[in-house]
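The following paragraphs lead through one protein chain, step by step. Please keep the sequence and the structure in view while reading.

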Amino acid sequence: MIYLSQLMGNPVYAADGEKIGTVSDLGIATGEVFPRVTSLAFKGPGRTPFMISWRKYVDTYDEKEIHLKVPAVEIRFSYLQPDEVLIARDILNKQIVDTRGVRVVRVNDLKLSDTSSTQLRLLGAEVGARGILRSLSPALEHVALKVARTFGHPIPERIIAWSYMDLVERDLSNVKLSVSHKTLDDMHPADIADIIERLDPRLRGQVFAQLDDEQRAGAMAEFDDDAMAAELMGGMNEREASRMLSEMDPDDAAELVSELDYDKAEKLLRLMGVQEQRAIRQLLGYREDTAGRIMTSEFAALPEDKTAADAVELLRGLDEDFESVRYVYLSDEDNKLSGVVTLNALIVAEPETPLADICTREVITASPEDDQEDVAEDIAKYNLLAMPVVADDGHLLGIVTVDDALDVLEEEHAEDLQIAGGIASDDESAHGGDLLWLLRRNAWFFIWMLGVGLFVTLSYLTPAFQAPLSEMLLVCSALPIALVLADDSVSYVTNFFLENDPDDEDSPSMLGFTIKSVVLGIAFAALVVLVEMALDSVLVAAVHAPADLSGQLRASFAAAAIAVLVAFVLCPIWLLVLRKRDEKNQDTSGFALSVIAMIVALVVFCLAMGQLANALGILGVFA
C-alpha cells in the first residue's frame, strides 16, 4: 500500500538516469470500482507542467522515486481524458460526500494499492487524523502512532472507499465516478439537506443547483437553518424558485417565504399558480410559532353522509405527492368538523357503510392561534398522526401532521439544550474541536487561570506589590469554589426557567424564586466559611501554619463566600433576561450566561479580596 502524500514531490527519472521533474499529481480513470492510475503529472525544468501515460512510460516506483521506461527524448506528452480526474487537484484537501455514512468529510490523503509491479489503483480517501499527520511528515505520523498505542488509544485509519465518494467541489457531471456508485441524486431529501448544510458556504449553491425541482423542494423542506435556505433560494432565478415553491407542501413553502424580504416574496408568489399562492398566503396570515403557521391545507374531507366507498374513491384520486393521509375528516351540513375516520376503520368497513357509523365523534382539535409547541405536545400525548386545526365557528382550516410536530419538538429541545448549556448540534465537536468541548465543560478552570494570571501580572507590573508568587496562589485558592457555585447558580436559573411557565397558575412566583435564591446564596456562603474554619483548624493544629498564611487563606475563603452570595442574589436578574428574550423569540446560550456569571464572580472576588487584604494588612499592593 502507498499513499499519495508519499509520492508527491518525489523525483522522476528517465531510463538513462536523467532527472526530468518531480511528481505533482496522478490522473485516474473514474469509471471503475477501484480506478486505475492512468496518468502521471510532473513539473519539469522551470516548473513547467507535463503529463504522460502511466501505463506506457512508468517502469518502477516506490515511496522515494519514479523511474520511466524510456529516455527523456522519447517521451510524448498526453492530456487528461473526459473520464479522468487529477486526484491531488480535484480530491485532495477537498470536501467530499461519504454516501454510505451520509456525511461531508475533507480528504486528508488518498490510499493507493499496487496491483502489479507498475499498476496503481485508488482504494479510497483517508479522512482521519493519520492523513493529516502523514501529509506533514511520515515520521510525525510514526511517532504519533507509537505514543497513541502506548496510552492504549491507537489512531485508526478512516478510509472511505471510492465507490462511496461523491465529489462536490468541481463540476464533474460528465464523469462516471464508479460502476456501483451512489450519488446525491439517489439519496433521501433529508440526507441531501444534511449534507448541503455541512458544506462550505461557497459550495452549497453549486451542489444545490445540480438537483431538479422535486429534489430541491424536498431538500429545502428539510433544512434546519431557515436563513441558509432563504440564501440558497436567493441564488436561484425567480421562475426556478417559484417552481420549487409550488413543489413544496404549503406549510413548508410558507415558512421559507417568510424568511425572504417582502419584494422578493411577492414576486415569487405572483409567479405561482392561484391555488398554491392562496394556500401559502393563508398560512402567512397567522403569527409565527402558532398552529396556523405550521398546518397544511392539504387534507382529505367528506360530508358525513358519504359512504366508505366514497372515501376510498377520494383517496385514490389524490396526487402521489399529497400530504400523508391518515384520516378522513367529516363535516356536517353546516360545514363544521363533526368527526374523523381512521384508515384502519375505513379498510375493514364494507363499501356501503355510512362514514357517520364508523367515525370518531370526540375529535381533539387545535385553534390556529394555539402555540405550536402545545399542539406538538398534544399530538405526542394522544398518539395522533395529525391534529385538525379549526376556526372559532368549527370550520376545518387544516391539519398539523406528526412530522411537523416532531420538527417543533426537536427545535424546542435544541433551544432548551442551548439555554441549559448543552450541545445543540451533533457535529459541534467536528466543527469546534476538542478545545471547544473542553472549554464548555471546564469554563471555570479557564476563568480561574485568568484570575491567577491577573494577580501574578499585578505582582510583576506594580512596584508596590511585594507579595511573592506563593502568596498569590494562596489568595486564589478559594476562587474555584466561587466560580463553580456561580456556574451552578445559572444552572439553577435555567432549570427553573425550563420547568416553569410564567403564564401557568401553578408556577412559583418571582418573589418566591427571589427569596429562595437569596436563601440558597446565604447557605452556600456559610458552607464556604465553615470549610475555611475547618481547614484553618487543621493547618494550625497539625501543620502549625504561620499567622500570615492563615490570614491569607481566611481572606480568600471570605472573598469566595461573598462572591457566592452575590451570584445567587443575581439569579432573579438572569431569570428576567431569559424570559424577556424568550418573549421576543431570541435565542439565549446557557453557556454564555454561565461565563458572564463566572466573570461577575471573579470581579466580586477581586474587589472583596482587596478590601479584606486592606483590613487584615496582607499583600503589599493592598496595604
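Is Cys-359 buried or exposed? Cys-359 counts as buried, because its relative accessibility is 14%; the term buried means under 20% relative accessible area, exposed means over 50%, and partly exposed lies in between, with a 1.4 Å probe and protein chains only. Cys-571 also counts as buried, at 0% relative accessibility. If a disulfide is defined as a pair of cysteine sulfur atoms within 2.5 Å, the count comes to 0 disulfides.

Residues are numbered from 1 along each chain as its sequence is written, and side-chain values use heavy atoms, with hydrogens and water left out.

The confidence of the prediction comes next. The pLDDT is the predictor's confidence in each residue, from 0 to 100; its mean over the chain is 80, and 82% of the residues reach 70 or more. In residues 423–435 the pLDDT is below 50, and this stretch has 9 contacts in the model beyond near neighbours in sequence, where contact means heavy atoms within 4.5 Å. Residues 619–623 also have a pLDDT below 50, with 14 contacts beyond near neighbours in sequence. Where pLDDT is low, the predicted coordinates should not be read in detail.

The chain as a whole can now be described. It contains 27 helices and 19 strands; helices (H or I, at least four residues) and strands (E, at least two) are DSSP runs, numbered from the N terminus. Of its 623 residues, 43% count as buried. Among contacts with a separation of 6 or more, 62% are between residues 24 or more positions apart.

Strand E6 (residues 58–61) pairs with strand E7 (residues 66–68) in the antiparallel sense over 3 bridges; two strands pair if DSSP finds at least two bridges between them. A hairpin of 4 residues joins E6 to E7, and Tyr-61 stands opposite Ile-66 in E7.

The structure holds 9 aromatic pairs, a pair being two rings of Phe, Tyr or Trp (its six-membered ring) with centres within 6.5 Å; planes under 30 degrees apart count as stacked, over 60 as edge-to-face and the rest as tilted. The rings of Phe-524 and Phe-568 are stacked, because their centres are 5.2 Å apart and their planes lie at 25°. Since Phe-524 belongs to helix H24 (residues 510–543) and Phe-568 to helix H25 (residues 547–569), the pair ties together parts that are 44 residues apart in sequence. Phe-524 is partly exposed, at 28% relative accessibility, whereas Phe-568 is buried, at 2%. Elsewhere, ring pairs link Phe-42, Phe-50 and Phe-77 into a cluster.

Helix H24 also contains Ala-525, which is buried at 10% relative accessibility. Not counting residues up to four places away in sequence, Ala-525 touches Ala-561, Val-564 and Leu-565. Ala-525 and Ala-560 are 35 residues apart in sequence and 7.8 Å apart in space, C-alpha to C-alpha.

Arg-130 is buried, because its relative accessible area is 18%. Leaving aside neighbours within four places in sequence, its contacts are Glu-141, Leu-145, Ile-155, Pro-156 and Glu-157.
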